[in-house]
Amino acid sequence: MLLELDRVNAYYEKSHVLQNVTLSVDAGEVVALLGRNGSGRSTTCKTIMGLVVAKSGTIRFKGQEITNKSPFALAQMGIAFVPEDRRIFPNLTVGENLRLAALAGRKGAWNEKRIYEYFAVLGERKDKPAKLSGGEQQMLAIARALVANPDIILLDEPMEGLAPLIARSVEEVVRGIRAEGNTILLVEQNARVAMSLSDRGYVLSNGRVMASGTIAELEADEATMHRYLAV
Amino acid sequence: MRRTEGLPSYPRRERLPAIHLTLAQLTDQLVNGITLGMLYILVALGLNIILGLMGVINFSHGSFFMLGAYLMYQFNGLIGFWPAILLAAVLVGLLGMAFESVLVRPLYRRIPEYTLLLTFGTALIFAQIVRRVWGDDAVRVDTPPYIPDSINIAGLAFPFYKDVFLVLLTVVILAGVWLLLNKTNIGIIIRAGTRDAEMVKILGINMPLMFTVVFGLGSLMAGLAGALAAPIYAIQPSLASEWIVLTFVIVIVGGIGSFWGAIVGGLLIGILTSLMALLWPPAVEMTGYFIMGIILLVRPRGLFGVEGLFE
């Protein structure tokens, strides 16, 4: 397994936001974290990335324990995190945003040139300040992850807050990078979209994993789907 | 407007009515103001970059300026004028790096008041150390004899070291800092970190190391300013507190985290303070605060401040 969480517990102040979360992602897989708002999906990403402290449990990446390591060390090991609020640097140009992400990244299939070919809208604005629309910000946030050539991308709510048409184009981008064999841990509010993009899924509720399996298995489990995902 | 009775501590100076000012006097004070402004900029820029990137309100920054001047004084007799300036600046830079990694680093996770209290306390300690080592009285450094006293430009004599060399050198240093911030990868990291240091870390940059390096660079600039100022001003323990307050005023006037803000703020306050010495001496020391008051009323983020920083 590329990434494994074993009985991870995390807290915000006194509330127990991750309760014995156990999950794994294999190389080449797209795994969806499903659940309602506040079920612990984003917190799972942040805990993997060292942004939320895991009070107990272990996280392993490429066989090595990485629990509560510093985010920059995790990024250098090959984990890219695309946060839900995108966190583009508006005081840098689009090109500088990418260059910053490439600095600590590794050489590989993606470089700046290829990013600009793939995301034409970014290429057009390479030397302009990164004051972008929501959809463009998301493209740049994903591009920033790709340019580091990571082993896994933690993709947190990539379509949130986008107009339906823009959300569809982001969805196509995710489908495209999936087709190239990238490993993704995907958090997506819309369960149907998330499942259409993924190989396997975990259903979270109140910080616990309630169900897991291949997408076909989850779809067949109507009770779980209805109860936790309102689908 | 002439209620100066409330400020008895000012020495009485001959007050010249504005109409009787000669062009030479005006030019003199203007150039004086530029020199003062340039030194302010060197100190304020380091303070501003540290504040912008790390959110550290460094009250010991003025102490680094003071230490630069004292170390320059100390080494001048041992290794000569120019090496002493260089060594003093480098030592203060190294001190800044040690200061950040040992004392400031454990406090990043806490509210900013912790580092403010820490650096305020260490500023008092630095002042006492200086008193113990070099005494309460002012010391002075002379420029070496081969540096000409003055130079004639357009029929006016300007002190060479103070008003020509120092101003030109500062322009070169500022150009270097601009290039560092805008044309290098370190500059991209610093500018991005000023907006969102955590996201820079998520992108794989070793921010704890960057913080130490940048703190060292900022301290080095303060130390260099102090060393360069050593032959101009009386070197005394009160330098630290005088300069730290004024440089904070400059940072606020110019805008937190802004390169051009520090430059415009430093020149503005340097020049206006100098001219005030000519126009109305009793008001000299309040010039900076008066400008800050106006700026805060009109543009609370400062002249070049950006939305969203520390708000």
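Which residue of β7(A) is the bridge partner of A:Ala80? That partner is A:Ile153, and the pair is a handy way into this predicted model. In it, local features need pLDDT of at least 70 and side-chain atom pairs count only at pLDDT 80 or more, while totals for chains, interfaces and linings use all residues; side-chain values use heavy atoms, with hydrogens and water left out. Residues are numbered from 1 along each chain as its sequence is written, with chains lettered from A and ligands numbered from 1 in the order in which they are written. Helices (H or I, at least four residues) and strands (E, at least two) are DSSP runs numbered from the N terminus, and two strands pair if DSSP finds at least two bridges between them.

**The six-stranded sheet of chain A**

- Six strands of chain A make an open sheet of mixed pairing, in the order β6-β7-β8-β3-β9-β10.
- Its edge strands are β6 (79-82) and β10 (208-214) of chain A, each of which pairs on one side only.
- Neighbouring strands in this sheet are turned by 15° against each other on average, direction ignored; axes here are lines fitted to C-alpha atoms, for helices over the stretch in contact, and angles run from 0 to 180 degrees between N-to-C directions.
- Helix α10 (residues 222-229) of chain A packs on the sheet and touches β3 (30-34), β9 (200-205) and β10 of chain A, where contact means heavy atoms within 4.5 Å.
- The direction of α10 of chain A makes about 50° with that of β9(A).
- Back at the opening pair, β6(A) runs parallel to strand β7 (residues 152-156) of chain A, and the two are joined by four bridges.

- Strand β1 (residues 3-12) of chain A and strand β4 (residues 54-61) of chain A pair in the antiparallel sense over six bridges; across them, A:Asn9 has A:Ser56 in β4(A) as its bridge partner.
- A:Arg7 sits in strand β1 of chain A and has a positive phi of about 45° although it is not a glycine.
- A:Lys62, in the loop between β4 and β5 of chain A, is not a glycine either, yet its phi is positive at about 50°.

- Helices α1 (residues 23-54) and α9 (residues 259-279) of chain B have axes that come within 6 Å and cross at roughly 145°.

**The largest pocket**

- About 1,200 Å³ of space lies in the largest pocket. On a 1 Å grid over the protein atoms alone, a pocket is an open set of points with protein on both sides within 12 Å along at least five of seven lines, a cavity is a set where a 1.4 Å probe fits but cannot get out, and lining residues have an atom within 4 Å of a point.
- Of the 43 residues lining the pocket, the closest to its centre are B:Met54, B:Tyr108, B:Arg109, B:Ala197 and B:Phe211.
- α6(B) gives the most to this lining, with seven residues.

**The largest cavity**

- There is one cavity of 30 Å³ or more, and the largest cavity holds about 170 Å³ of space; grid points are joined across faces, edges and corners, and a volume is the space filled by probe spheres set on the points.
- Its lining has 20 residues, with A:Ile79, A:Ala80, A:Ala148, B:Ile202 and B:Leu203 nearest the centre.
- β6(A) supplies the largest share of that lining, four residues.
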